[in-house]
Amino acid sequence: MNRRHALRHIALISGGLALIPSCDFSSDDILAAYQKLKVKSSEKELLGAISNTIIPAGEIKGALELAVPDFILVMVNDCMEEESQSRFMKGLRAFPEFAGKGFDQLSPKEKEAKVKEGLMLEGDDTEEGKVKQDIQYFLNTTKRLTIQGYMASEYIQTEIIPYSLIPGEYNGAVLISDLQKPRING
Amino acid sequence: MANLNIKSKQERTYQAIVIGSGISGGWAAKELCDLGVKTLMLERGRNVEHIKDYPTTNMLPYEFEHRGQVPEDIKKENPVVSRCYAFREDAMHFFVKDTEHPYVQEKPFDWIRGYQVGGKSLLWARQVQRWSDFDFEGPARDGFAVDWPIRYKDIAPWYSHVEKFAGVSGNKDGLDVLPDGEFLPGYELNVMEKYFQEQLKKNYGGDRHMISARCAHIHGNADFFAQQGRALCQNRNLCQRGCPFGGYFSSNSSTIPWALKTGNLTLRPDAVVHSIIYDEEKGKASGVRIIDRLTKEMEEFYADVIFLNAAALNSNLILMNSTSSRFPNGLGNDNGLLGKYVAFHNYRAGVSGEFEGLEEYTTSGGRPTSGYFPRFRNVYKQETDFLRGYAAGFSSGRGVRPNTEGLGMDLKNSLLNPDQYGPWYVGSHMMGETIPKESNYVALDPNLKDEWGMPQLKISVDYDDNDEKMVKDYLEQMTEMFEKAGVTNIRTRDDHRAPGLDIHEMGGVRMGKDPKTSLLNANHQLHAVPNVYVTDGASMTSTSTQNPSLTYMAFAARAAHHAVAESKK
């Protein structure tokens, strides 16, 4: 988790300055912590909104509160091959246009519908089709990593479903009907 | 100017030197120290003290930045070690990285190494099945390699000796191919595995068996192991991180601290062994030359007896690099066979499937072992068109998973309340005996050196036609056994992995009766230099199918007692 702390402290480098037209004074810096992705803070915000649509806050915390977007970017930056990273970033960058009006502006239900639609996009070899494939790849990767990062978070593994380093003696014939667990309401 | 720091020769003289601190070196040192022998243990890597140097042992899943996965950059730089199943974020620090210790692959060979105190005993799979005479008599019966100079009766008491101390859990299965030992209570098979066991009995009339594999875990008799500072296995299945309970056997948790407690052991980490020194006048080995890993300075240590336990291929390397006018081709290498007849275990193939029955059951808790098929091919007589046979791992399990189809609150609720029980997963992997051949060898590269000026090892080891036939037979037989037991959706694989990834490389300094055709005698002494003992994988005449570590432990203990008895003559 060192990187997350580092992010909070030194977070930003002023990358891409030369590319930004001089009239654009909005600060949208490249995040140094994920150097292979060259991801901007606005793109990370969008990723946060998407992951929070996949697992929203309710009675218990959602993906955004658990810093899942940081986890996703760490995994994509560190544990994926270059080609996959590039597909992921292309999909992320193509998503706003796919979402139509700002994703931000949509209601939770609309956001969910949009992500669901994107998860099932089918592409082809045309330029347009490739973009669809990238969006679909980006969203499925994001969903998978959101689930992983959420379930394997400190919060879930300590407060909601405590993880045990000592699982106990093996029982090789447990009747499923004997297992009763209280239902957790998200 | 004279170096005033040079210790006197006397200060650098011991009664015995053990090269290597892994599973066999640990045993050699422990036995020697118990017998009152002042022993120096040399280890090329850094020190790893039990518990203190297990940095990840109590880390929770969320404390690993990549949740266990190895980052892509590390994988790309280290393709060989990255193929090892245990090279994960939690145990990466106990493996040799490709980039740090290069070697020459004349043919593809995944050489997996652990350069630290404890060696690979920290990382091993902890499976401990005894050999039987069906194994020791294999080469003589089937006409390959040379006859083993020992039989089961020679080694059986030493199996018992090491099993009692290391802690081996298992059931008395009463099988002649896999003799019973000194067992702590065994681990139970689960309901599906028991069902499979019954099906085997029904379908093969008692000719094939699947048992709970014997493993080096403490599963009972806690008071006895408390003397070693070890406690009951807690079923964590995080063994590769080093166990804070000492629940499984390693040099770090068991033999080394025990030997240190006798006051007879001196442990010298960071000592890259250059060669064994041969005294031409006395006609025996007189010590060991090392290069300090950090300062790169050379130093010599002396002793009456040397135990070489550097792990199979590195023991070969050290002997080859130990040249003198008496032994220009490597210590003890009068017949030119040093480095040859290297063999391994064939782990290429696996079969998996699903079982739809027993759907009312699942499992809970953890266990450190699984099922095991002892060899059933060509045991009593030759019955196939290939020599020898294979053992196989077997396991079955069933977990609960959430439905991950939805999104939003639906997804969140199903993640938090997983309720989908799939069918039982059923899996097996082969462990095939390979036939040692002169053409499978290791040698010193004439040009390439490592960072310490040591020649790089050139490895030339490959499969042969016998291995191909065995893979085919395993896949056919296991598929048939699965089908007859009602397993469905059966998938077979032959991943064509390179030799080495089994981490069971053996031979090159084989035992035998005749100095013309072997390097070591029945007591693990070099025929030509009897005060040098080799008791690790290098000494193996044939490989059989069982995981070899238990046999190395028994060899090392037996040889240590032999060495002490000899010194008293």
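1. In this predicted model, helices α6(B) and α13(B) are roughly perpendicular to each other, since their crossing angle of roughly 105° falls in the 65 to 115 degree range that defines that class. Helix α6 spans residues 152-166 of chain B and helix α13 spans residues 549-567 of chain B, and their axes come within 8 Å.

2. The contact between these two helices draws on D154(B), I155(B), W158(B), Y159(B), H161(B), V162(B) and E163(B) from α6(B). On the α13(B) side the partners are L550(B), T551(B), M553(B), A554(B), F555(B), A557(B), R558(B) and H561(B). Sorted by class, the contact of α6(B) with α13(B) comprises 9 nonpolar, 3 polar and 3 charged residues.

3. From α7(B), the residues F196(B), Q199(B), L200(B), N203(B) and Y204(B) take part, and they meet E480(B), M481(B), F482(B) and K484(B) of α12(B). The contact of α7(B) with α12(B) divides into 5 nonpolar, 2 polar and 2 charged residues.

4. Two annotated spans of chain B deserve attention. UniProt, in an unreviewed entry, lists residues 233-324 of chain B as "domain: Glucose-methanol-choline oxidoreductase N-terminal".

5. Residues 436-556 of chain B are 23% helix and 23% strand, with 22 Å between the end C-alpha atoms.

6. In chain A, helix α4 (residues 82-99) packs against helix α5 (residues 108-119) at an angle of about 120°, and the axes are 11 Å apart. Because angles of 65 to 115 degrees count as roughly perpendicular and only those over 145 as roughly antiparallel, α4(A) and α5(A) are oblique to each other. Their crossing is right-handed. The contact involves F95(A), F98(A) and A99(A) of α4(A), together with K114(A), V115(A), E117(A) and G118(A) of α5(A). The class composition of the contact of α4(A) with α5(A) is 4 nonpolar, 1 polar and 2 charged residues.

7. Finally, the aromatic pairs. Over all chains, the structure holds 28 of them. One is formed by F95(A) and F98(A), with 5.7 Å centre to centre and 55° between the planes, and is classed as tilted. F95(A) and F98(A) are separated by about one helical turn because they lie 3 residues apart in helix α4 of chain A. Both F95(A) and F98(A) also belong to the contact of α4(A) with α5(A).

Definitions and conventions: Residues numbered from 1 in each chain as written. Chains lettered and ligands numbered in written order. Predicted model: local features only at pLDDT ≥ 70, side-chain atom pairs only at ≥ 80, totals over all residues. Heavy atoms only, no water. Axes fitted to C-alpha atoms, helices over the stretch in contact; angles between N-to-C directions. Helix = DSSP H or I, 4+ residues; strand = E, 2+ residues; numbered from the N terminus. Parallel < 35°, antiparallel > 145°, perpendicular 65-115°, else oblique. Left-handed = near helix turned anticlockwise from the far one by under 90°. Contact = heavy atoms within 4.5 Å. Nonpolar A, V, L, I, M, F, W, Y, C, P; charged D, E, K, R; others polar. UniProt positions renumbered as here; feature names shortened; annotations may be inferred. Phe/Tyr/Trp six-rings, centres within 6.5 Å; stacked < 30°, edge-to-face > 60°.
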